[in-house]
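Please keep the sequence and the coordinates open while reading.

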Amino acid sequence: MENELLQHGLNISRRKFLSRLSIGLGSVALGSLLVPDLFSGAAEEEAGFMPGIPHFAPKAKRVIYLFQNGAPSQLETFDYKPVLNKMMGQDLPESIRNGQRLTGMTSGQKSFPLVGSYYKFNQHGESGTWVSEIFPHMSKIVDDLCIIRSMHTEAINHDPALTFFQTGAQQGNRPSMGSWVSYGLGTENKNLPAFCVLLSRGKGNGQGVYSKLWSNGFLDSIHQGVQFSSGENPILYLQDPAGMDRAARRKMLDKVAELNDIQLKHFGDPEIAAKIQQYEMAYRMQTAVPEIMDVSNESDDIVKLYGSECLVPGTFAANCLLARKLSENGVRFIQLYHQGWDQHGNLPNEMRGQAKDVDQPSAALITDLKQRGLLDETLVIWGGEFGRTNYCQGKFAEDNYGRDHHPRCFTIWMAGGGIKPGMVYGETDEFGYNIVKNPVHVNDFHATILNQLGFDHERLTYRFQGRRYRLTDVAGHVVRDILT
Amino acid sequence: MRKIYIILLLCLLCAAAIFTTRYFFRSASGAAASGKISYNFQVRPILSDKCFNCHGPDANKREAGLRLDIEAEAYKALKENPQAHAIVPGDPEKSEVFLRISSTDSSQRMPPPSSNLPPLTEAEIAIIKKWIEQGGKYEKHWAFVPPVKSPAPEVEHTDWPANEIDFFVLQKMEQHGLAPNEEADKERLLRRISLDLTGLPPTPEEIDAFVKNTAPDAYEKKIDELLSRSAYGERMAIPWLDVARYADSHGYQDDNYRTQWPWRDWVIHAFNENMPYDKFVTWQLAGDLLPDATKEQLLATGFNRNHKITEEGGVIDEEYRVEYVVDRTNTLGTAFLGMTIECAKCHDHKYDPVSQKDFFQLSAFFNSIKEVGLESTVGGPETFAKNPRMDITKEDLEGVLNFMNKTDTHNLQVSIMKDMDTVRKTYILSRGNYDQHAEEVTAGTPAAIMSYPDSLPKNRLGLSKWLFHPQNPLTARVYVNRVWQEIFGRGIVKSSGDFGMQGELPSNPELLDWLAVDFRENGWNIKRLVKQICMSATYRQSSVISPEKLKADPENIYLSYSPRIRMNAEMVRDLVLSSSGLLRPIIGGPSVKPYQPPGLWELATSGRGLLANYRQDHGDKLYRRGMYTFIKRTVPPPSMMIFDASNRDLCEVKRSRTNTPLQALIMMNDPTVLESSIALADLLVAGKQQTNASITSAFMRIINRRPDQQELDILLQYWKEQDDYFKAHPETVEDVVTEVGEYKLKSPPSADLAAMTRTIQVIYNMDEAITKT
């Protein structure tokens, strides 16, 4: 609590903090012990809130976002449309398409043959939720999920759609959602970054990801997503060079600190004190991060739960397990990206393998968080950047077809963090083309996530170039129906 | 438990103290509400921040039909209550503005809670009240009034100023009870000018020569010499590459290779030739429209083809074509006008007099380019530059483009500007959507800044003339401010990308205007401007911060000491390579791929194109200056990004400057730093000097001054400990000195070499190593 209170008061630059209180530089050490990130970067002079203090009591303390990059088809996963199977091969009625824009890939097509799911659907759980056979593990946890079938977005191509989901704008250098959360909530663990990013790739057709997706934009770079990778250097440049053990590193940093201290006394610049603190945090991270990355202590039950792939660094399964560990250790926002969901063709053959890689670990993460009593305070999100068309792209065959981009409706799920479990929200028409009930726009989605973290999305602002920016720009409504 | 309470209490007290001080500071900076109130400097910032959102220029969002940004409108009878007036000059008690902002009734008070804006502070209310009492007069926004050179002000310490700049700076210091610092010592001063003018540190020989040279014009001579080096052009180009969003890939999802580097070589060349700023910009905006345009002039127009270009199959062509036009329009606003005109793409600007129509009129200048949204998807060399483009031939390389560093014989194309034969119609796009055409417009500029003279052609060449018209209030101010920002770390207008009403006010308006007019009157001479700043006594001060100054002016707004500034990303790399002797000072050419942690490109790629995998270069290419490091937009070089470099997505005029643990990790473990430590240790050990001489030499190469005794003692002691260790553990020596990069040792691995390597790493990790002091 004292941490939060101090944070409350320290939303001004270090330099001002030190000078206005006229405290001696000796007190710097005390301050940094009390507030781990007092020295982490200059905060903006005037924020629309007090960093570290939410606007109201949060339901979720942390977020794990399992982004399915490339846009998985809703029609083969969670949005069951038997009509499409009945009308297989018939043209999409113009009354349904209604002149909606198409991507350049299908706008030249002469016909738009409807195509039903190649995979079978069944009802699962007490909620009786329809899920496709390609997700046998997720089927078992539907009663923990809130499945939103009425997501929609404005962008029709990957880059802008992905950027929109992550930053609230299709173009430009806006801060990522995780950066906003880091800015709003600060860090829970002084040895780890507040916003971590994990990448993996499946077998399906992939679309790239870009570091701007986890960029801090105009926020301080301390809020930038830190990419964790598999291998010796989980965080860039974390690993000491050959021949440098902990004791040798400690000795070296002590000398650096001694020399910096001479400069601090000479110049009186508080930035030097900050620099000394940053070296200390770097040193602590060097121990803390490898500890987190080490999965050798996980029990056999856990390995079984996530699947043996979780022991192979860089897989989606390994990243799900790592996400749990990071979250357990207080990382605020863990962003996974899993590539390979862009099935413009060859969908029936490609999607099953793609699904297999993510099904078990996604379900395992929910089960694992739940058994640790962490699901209530951790919001887990699963979904892509838009949906897929109900008609076939390219050559049509019942067992070999493709689907183009479709921003007008798609499905995601959320779990934990104060979201109603065992619920299906929103509805699309029988063709799976338009939303007929409870649409959820990307801005609404953002507003809802911030709400669960204790923020009024209209008040979590940052002033840059004369304007107060927010994640939801000028729109967004909290989807209250899905909250517990 | 009790301890916690005490700490808690302390915290609360601290917090309270901060808020009180902060509040006091703010009202004090507003000169309280005493004396003559300045509309521009005291009133408008309040109105703009708290009122214009709903009562400002944006007609669509205007509440109650009231606008407060125009005098006549604010004086008018209120639409909803004709007996009342928002502002009654001389009578605050009859002015609704005052009554509503000071009301204690929350249903009456402005701004309303629904706006999410904080209420006005007591001090702000007092300013508004006093201003209305004094007649409630409006003034044109300061930045829209053409700058005028005022005479150098009177100061008390007349012996301090070295040139005009100092009179303006000293006056502000004296007004705030501050006195300048003494001049920095010669070693630090030499390092400062070397970094500022060339981006590279001085060599030990240069330091010795400069320290020994007691001639009165030694400093000026050194500045002239540094300005004449080709490293100057490289140094000046870096912020310009940010402005021009220069990169080596197309951006967007596949992010394949592009060959725009010849344009970058031209920028370096232009700075080195000291091309006047008006010519420099005109060539870039409209080189193709100049009579008998040369290939050099065409190459310069690459400036506006540096934006991202999609190669994503299936995009809607027009959507992206419009996106490129919008990018150029926004860039014009940020780069040359210091205006956030992008806000007016979707709606009238909420704070500045730039309407949506103004935005699209400006965009019309860039709307007739012979281009498409999606020209090609990921492919071979024919996709590396998009149309319109030009070929660079062997004759060009021997002739007009002889500054280019092209050593191979491959065909080379570069994207340039070229208009279509007919003018493409431009429309206002409703809500900024590419397919929602509203009213048709023709090329023009916002009248509030400066109307477009009828005498000028309505094309990019005319637009350039408009920018450099003596009555244009922004162009000169914006550029001199950015040069100032580059040198002092903070612009005279802190928000260097926003000179509009929501931007920061200039900390020294007379100085800004004097510099702007002087720059224009002297032929837009950039080297002259840079030299003028470096010759000032203001610049030459030491950067010692006394506790009193830290308290009185913590942000150093009044420049009573020289700022200590962490070097930019490129300079950090250059310092490391240069001090170790590894730097290959080759100018220009294709960008290079030095060491980078493995897997970054591979993990983020779509798998298509030349850049799906990072193929690290070898040899000389590992040791080029930071500005030549390959920038793949979607995965920019991490060691640069961690030091706040631009990702070159959009025009950027100001980098942030942070201090994070990831930066510490780079200095500790980046192979470039490690390899440089080994190379420098090798060099010094081979020199067979005494250890303390070697350490002094390393220190001089990196920190660019002699270590004092205390520093030397610390380093010597550390060296001794390490040397003892490695002597006792000879098996660990190889690990330390041979495991990094491609560097080949000249002397055999030894305890001495390993100990020296470690000692040099300590020096590289000193704060001062990467700080301009």
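Helices (H or I, at least four residues) and strands (E, at least two) are DSSP runs, numbered from the N terminus.

## Basis and numbering

This is a predicted model, in which local features need pLDDT of at least 70 and side-chain atom pairs count only at pLDDT 80 or more, while totals for chains, interfaces and linings use all residues. Residues are numbered from 1 along each chain as its sequence is written, and chains are lettered from A and ligands numbered from 1 in the order in which they are written.

## Chain A overall

Chain A contains 14 helices and 17 strands. Of its 484 residues, 60% are buried; a residue is buried if 20 or more other C-beta atoms lie within 10 Å of its own, exposed if 12 or fewer, and partly exposed in between, with C-beta atoms placed from the backbone. Two residues are in contact if their C-beta atoms, again placed from the backbone, lie within 7 Å. Among the contacts in chain A with a separation of 6 or more, 77% are between residues 24 or more positions apart.

Strand 9 of chain A (residues 387-392) has six of its six residues buried, so the rest of the structure largely encloses it. Strand 9 of chain A pairs with strand 10 of chain A (residues 403-406) in the antiparallel sense, over three bridges; pairing requires that DSSP finds at least two bridges between the strands. Within this pair, A:R388 is opposite A:H405 of strand 10.

## Interface between the chains

The interface brings 74 residues of chain A into contact with 87 residues of chain B. On the chain A side, the elements that give two or more residues are helix 1 (2-9), helix 2 (14-21), helix 7 (158-167), helix 9 (246-267) and helix 10 (270-293). Helix 9 of chain A provides the largest share, ten residues.

By class, the chain A side has 27 nonpolar, 30 polar and 17 charged residues. Here Ala, Val, Leu, Ile, Met, Phe, Trp, Tyr, Cys and Pro count as nonpolar, Asp, Glu, Lys and Arg as charged, and the others, Gly among them, as polar.

## Nonpolar cores

A nonpolar core is a set of buried Ala, Val, Leu, Ile, Met, Phe, Trp, Tyr and Cys residues joined through C-beta atoms within 7 Å. The largest has 311 residues, and A:C146, A:V380 and B:I763 have the most contacts inside it. Helix 10 of chain A gives the most to this core, with eleven residues. A second, separate core has 21 residues, including B:C51, B:A86, B:I101 and B:M501.

Which residues does A:V380 touch beyond its neighbours within four places in sequence? They are A:I64, A:L66, A:L365, A:I366, A:M414, A:A415 and A:G416.

## Helix 32 of chain B

The axes of helix 30 (residues 709-728) and helix 32 of chain B come within 8 Å and cross at roughly 140°. Axes are lines fitted to C-alpha atoms, for helices over the stretch in contact, and angles run from 0 to 180 degrees between N-to-C directions. The contact of these two helices has nine nonpolar, two polar and four charged residues. Helix 30 contributes B:W719 and B:F726, among others, and helix 32 contributes residues including B:M756 and B:V762.

B:I760 is part of helix 32 of chain B (residues 751-764) and is buried, because it has 29 C-beta neighbours inside 10 Å. B:A681 is 79 residues from B:I760 in sequence, while their C-alpha atoms are 7.2 Å apart.

## Backbone details

One runs from B:M110 to B:P111, with omega near -10°, and B:P111 sits in the loop between helix 5 (96-102) and helix 6 (122-133). Another joins B:N387 and B:P388, with omega about -10°; B:P388 is in the loop between helix 16 (356-363) and strand 1 (389-392).

A:N438, which is not a glycine, has a positive phi of about 55°. A:N438 is in the loop between strand 14 (435-437) and strand 15 (440-441) of chain A, and its 14 C-beta neighbours inside 10 Å make it partly exposed. B:D255 also has a positive phi, near 55°, but is buried, with 30 C-beta neighbours inside 10 Å.
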